[in-house]
Every structure is written in structure tokens, then in C-alpha cells.
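I opened a new notebook page for this protein. These entries record what I looked up, in the order I looked.

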Amino acid sequence: MTGRPRLLLPALLLLALVSLLLSLTSGTVSTGWHDLLALYRGAADPVMTQVILELRWPRTAAAFTTGALLATAGALMQVLLRNPLADPYVLGVSG
């Protein structure tokens, strides 16, 4: 059982990175992994650069930041109340 926690965090980090990259490639304009690689190398099409950097990256960053802040708020609530099942309904802040 000691090997499982060591593998859990890297697996979750890899999953987060893959979901971040998937978020950058999904949308109404068809982009793929090759467009992200071209953007990284600096040889991307100007339209794809604009779509990824001005539309998709802010959306992705906002989603990841919101998720991280919600997770932090939940963890803090559980620590402050000393209850692993604490949720916003316990303090009445859900409404």
C-alpha cells in the first residue's frame, strides 16, 4: 500500500496537464496537437495563434484557477470545522 500514494500525485498531475492541453485544442475552430506544437515553436499560423492565445488560453486558465480556488475553499472548510464531510450547507453559506 505504500506505493499507491507515490503514484497518485504524479498521475493526477499528468491528468491535469492532459486536460489542460485538451482544453486548448477543443472548440469551434478545428485545432490539433500539431497547432499547439507549432505555437510552442513559434511557427504557428497567425489565426491559430490568436485563437489559442486570446480565446482558449484565458478560458482554460480561468477554469483551472476557479477549480483550484474551490478545492482550497473546501479543504479550508473541512480543516476549520474539523469535519471531513463539511460542506457549504453546514455553515449556511451555500445560498
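I began with a term: a contact means heavy atoms within 4.5 Å. With that I looked up the contacts in the protein with a separation of 6 or more, and residues 24 or more positions apart account for 38% of them.

I noted where the numbers come from. This is a predicted model, where local features need pLDDT of at least 70 and side-chain atom pairs count only at pLDDT 80 or more, while totals for chains, interfaces and linings use all residues. Residues are numbered from 1 along each chain as its sequence is written, and side-chain values use heavy atoms, with hydrogens and water left out.

**Entry: overall build**

I looked up the elements and found four helices and zero strands. Helices (H or I, at least four residues) and strands (E, at least two) are DSSP runs, numbered from the N terminus. The order from the N terminus is α-α-α-α.

I then looked up the extent. The C-alpha trace spans about 55 × 40 × 20 Å along its principal axes. The radius of gyration is 19 Å, whereas a compact globule of 95 residues would have one near 12 Å. That radius is taken over C-alpha atoms, and the globule rule is 2.2 Å times the number of residues to the power 0.38.

**Entry: surface and charge**

How many of the 95 residues count as buried? I found 17%. Buried means under 20% relative accessible area, exposed over 50%, and partly exposed in between (1.4 Å probe, protein chains only).

The protein exposes about 7,500 Å², and carbon and sulfur atoms supply 70% of it. These areas come from the Shrake-Rupley method with a 1.4 Å probe; for residues, only the protein chains shown count as cover.

I looked up 6 positive and 4 negative side chains, and the centres of the two sets lie 17 Å apart. Lys and Arg count as positive and Asp and Glu as negative; His and the chain ends are not counted. The place of a charge is NZ of Lys, CZ of Arg, CG of Asp or CD of Glu.

Thr25 is in helix H1 (residues 3-25). Thr25 is buried, with a relative accessible area of 12%. Leaving out residues up to four places away in sequence, Thr25 touches Thr31, Gly32, Trp33, Leu36 and Arg56.

Which residues of helix H2 (residues 33-41) are buried? I found Asp35, Leu36 and Ala38. Down the axis of H2 they fall within an arc of 160°, so they line one face of the helix. The arc is that of the directions from the helix axis to the C-beta atoms. The face turned away from the buried side of H2 carries the exposed residues His34, Tyr40 and Arg41. After H2 comes Gly42, with a positive phi near 90°.

Leu81 is in helix H3 and is partly exposed, at 31% relative accessible area. Beyond its neighbours within four places in sequence, Leu81 is in contact with Ala86, Val90 and Leu91. Leu81 and Leu91 are 10 residues apart in sequence and 9.4 Å apart in space, C-alpha to C-alpha.

Arg82 sits in the loop between helix H3 (46-81) and helix H4 (88-91). Arg82 is not a glycine, yet its phi is positive, about 55°. I found Arg82 exposed, with a relative accessible area of 78%.

Asn83 is in the loop between H3 and H4 and is partly exposed, at 31%. Asn83 and Trp57 are 26 residues apart along the chain, and their C-alpha atoms are separated by 36 Å.
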